[in-house]
Amino acid sequence: MNRKPMIIAGLLLAIAVTSLAMAQRWRRDRDWQSVGRGDVPDWETNADFPNDMFTFVRIKYQSAGWGRGGGWDTDYRDSDLNFSLRLHQLTSLNVNPEPIVLELTDPKLFDYPWIYIIEPGRLMFTQPEVVALRRYLDNGGFLMIDDFWGDEEWQNLYYQMKRVFPDREPEDVPLSHEIFQCVYPLKIKPQVPSIGAWGGRGGRTWERGPDTQTPNYRSITDDAGRIMVFICHNTDLGDGWEREAESPDYFEEMSVKYAYPLGINIVTYAMTH
C-alpha cells in the first residue's frame, strides 16, 4: 500500500481545525514565548497514567560568541507545541500537551526518555553537562539533534559529542534503518529547509553554501546497537513543525511529507528501544 497519500490526507485533516487560528498567531507579537500556548489547542491526558506519557523536552545550553545560527530557543515554542499536537493527533501515544525546557544538569532529566537540541553549531557543553549527558544516554535516554548547517557547525558538534563519548564515532544511518521506516516509510533522506530559504515546489532545499546541499543523518549507538543520539545535519525539521501554518505549499511539501513523518518515526524509535 502506498502510505504517502495516507500521510498527507491524515495531516491535512488534522490541521483543518487549527490552521486558521495558528496562522493568525504570526500577525501578533511573540511575548507569549516563555508561557502559554498561543492558539495551539490543549487536550486532556490519561489521568490513570500521569507519569506514562511523552513530553517534548528541549535542552537549554550555552552558545559561543562566534559563527552564524541561533541558539537553544530557535523555533521556540511553536515547534514544540505543534509537534506535540501532531504526535497526539496522529499516534496512539499519551502525549503531554505542555512541552518543557530543561538543562542537562537538572535531576528531572532522567524522568524523560527523549530530549531535543536545536542549532548546535555554536553549542558549548560545560563539563558537568558532559557528565550528565553521558550518564543520561548510557541509562537509556535518547537525544535528537536538529537544524545546523555546513562543515564548520558539524565540526563544533563533533567536538562537543566526542567530549561526551570519546570512545564512540558518529556513523551514517542508512535509509533502510527502522528509524526511517518504522511508522511512515520514507523513500529519501529528507532535507527540510527553513521557510525563508525554501525555493518552492521542486526548488532549493538547502540554506547556505555548497557544504549544506546534502542532508546527513548520523547516529551514536550503544554497545547493543541502539541509537542513543540521532543527528539531523543540513536539515531543519523544527522549522517544518514551527512554520506549518504560514504557507500551504510549505506545509504540504515539507511538513506533511517529511518533517512530521520523520519526527514521529524518531520518537517512536526512541520510545520503543
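C232 counts as buried because its relative accessibility is 0%, where buried means under 20% relative accessible area, exposed over 50% and partly exposed in between, with a 1.4 Å probe and protein chains only. C182, at 34% relative accessibility, therefore counts as partly exposed.

| Residue | Relative accessibility | Class |
|---|---|---|
| C232 | 0% | buried |
| C182 | 34% | partly exposed |

The structure holds zero disulfides, a disulfide being a pair of cysteine sulfur atoms within 2.5 Å.

The model is predicted, with local features requiring pLDDT of at least 70 and side-chain atom pairs pLDDT 80 or more, while totals for chains, interfaces and linings use all residues. Residues are numbered from 1 along each chain as its sequence is written, and side-chain values use heavy atoms, without hydrogens and water.

Strand β9 covers residues 227-233, and seven of its seven residues are buried; strands here are DSSP runs (E, at least two residues), numbered from the N terminus. Pairing requires that DSSP find at least two bridges between two strands. Strand β6 (residues 142-146) pairs with β9 in the parallel sense over three bridges, and I145 stands opposite I231 in β9. Strand β8 (residues 216-221) runs antiparallel to β9 and is joined to it by six bridges, with I227 in β9 as the bridge partner of T221. Five residues lie between the strands in the hairpin of β8 and β9, where G225 takes a positive phi near 90°.

Note on methods
Helix = DSSP H or I, 4+ residues; strand = E, 2+ residues; numbered from the N terminus.
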